[in-house]
Amino acid sequence: MMNRVLRLPVFALLSLVTAISPAAAEVQKPGHAHILVDTATGKILEAENPDMVLYPASLTKMMTLYLTFEALHSGRFSWERRLTISKNANDKEPYKFAIGAGNTISVQEAVMGMVVLSTNDAATAVAEELAGSEEAFGQMMTSKARALGMTSTVFTNPSGLPDPRQVTTATDMARLGLALLRDFPEEYKLFASRGMTFRGMRFRGHNAFLVQYPGAEGIKTGYTKASGYNIVTSASNGNRRLIGVVLGADSGNARTQEMITLFDRHLGTKVSQ
């Protein structure tokens, strides 16, 4: 495992043929997995159950953000573009802007809401604007996943709210983290945000790794009962950057401490000697 290299081949968009069936996903019990990858070489430094099929929870928003950044670069979106919060979007719990159906947010607010607060209404508004519906956006997300080499991931909604068909692996989440860094290096800097201001109110995020680990750049956390506590994050010591994934931790603190331990082993003083 230690000699594997995580590559990001540029595939043509494939039809929605998955490496696993939805039926298999429904009976898959939550487990635990992690992976740590060197972003410069793609080398896997450490892994445990990296290809176990698990639930992404709000890590799903990483792909929603990838497609949002893509729309910004293509000109389909601008940062100032207004997105309407539909009733469907406004009904998404628990994390949301809660401004009410029919009101609007900017693409910039949607992005920061997803990054810092994991706002489900913002993710749904983006999906409905880009694809017309959550279902259609899920197909778009899965197609992009295949193009990025994420062979075991199925997306069905933009937020990561529970759906037994929506599954991933630690390997695939690392691939997505690498793709965000590679394809959108400027937007990637937003993942280091510890808070945001919305309509005059200041909000703090809930990625403890960002606060506790020097050089942390953050990406996304997630939790549902079925998934356990998940995180994809990166950190740099100035010379080397790593991306780590933990899926299925027992608590938020356990998730953070496991990630700190992984980074300490491979990004500490031993790395620079």
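The model is predicted, with a mean pLDDT of 89 for the chain. Residues reaching 70 or more make up 88% of the chain.

**Confidence**
- Watch residues 9–27, where the pLDDT is below 50; beyond near neighbours in sequence, that stretch still has 30 contacts in the model.
- Residues 269–273 also have a pLDDT below 50, and here the model has three contacts beyond near neighbours in sequence.

**Helix α2**
- This helix covers residues 61–74, and its end C-alpha atoms sit 20 Å apart.
- Most of α2 is covered, with eleven of its 14 residues buried.
- Among the buried ones are Met62, Leu65, Leu67, Phe69, Ala71 and Leu72.

**Leucine 130**
- You'll find leucine 130 in helix α5, which runs over residues 120–131.
- Leucine 130 counts as buried because its relative accessibility is 7%, and the cut-off for buried is under 20%.
- Leaving aside residues up to four places away in sequence, leucine 130 touches Leu67, Ala71, Arg76, Phe77, Phe137 and Met140. Two of those names, Leu67 and Ala71, are also on the buried list for α2.
- Methionine 140 is ten residues from leucine 130 in sequence, and their C-alpha atoms are 9.4 Å apart.

How values were computed
Residues are numbered from 1 along each chain as its sequence is written. This is a predicted model: local features need pLDDT of at least 70, side-chain atom pairs count only at pLDDT 80 or more; totals for chains, interfaces and linings use all residues. Side-chain values use heavy atoms; hydrogens and water are left out. pLDDT is the predictor's confidence in each residue, from 0 to 100. Contact means heavy atoms within 4.5 Å. Helices (H or I, at least four residues) and strands (E, at least two) are DSSP runs, numbered from the N terminus. Buried means under 20% relative accessible area, exposed over 50%, partly exposed in between (1.4 Å probe, protein chains only). The expected span of a helix is 1.5 Å times one less than its number of residues.
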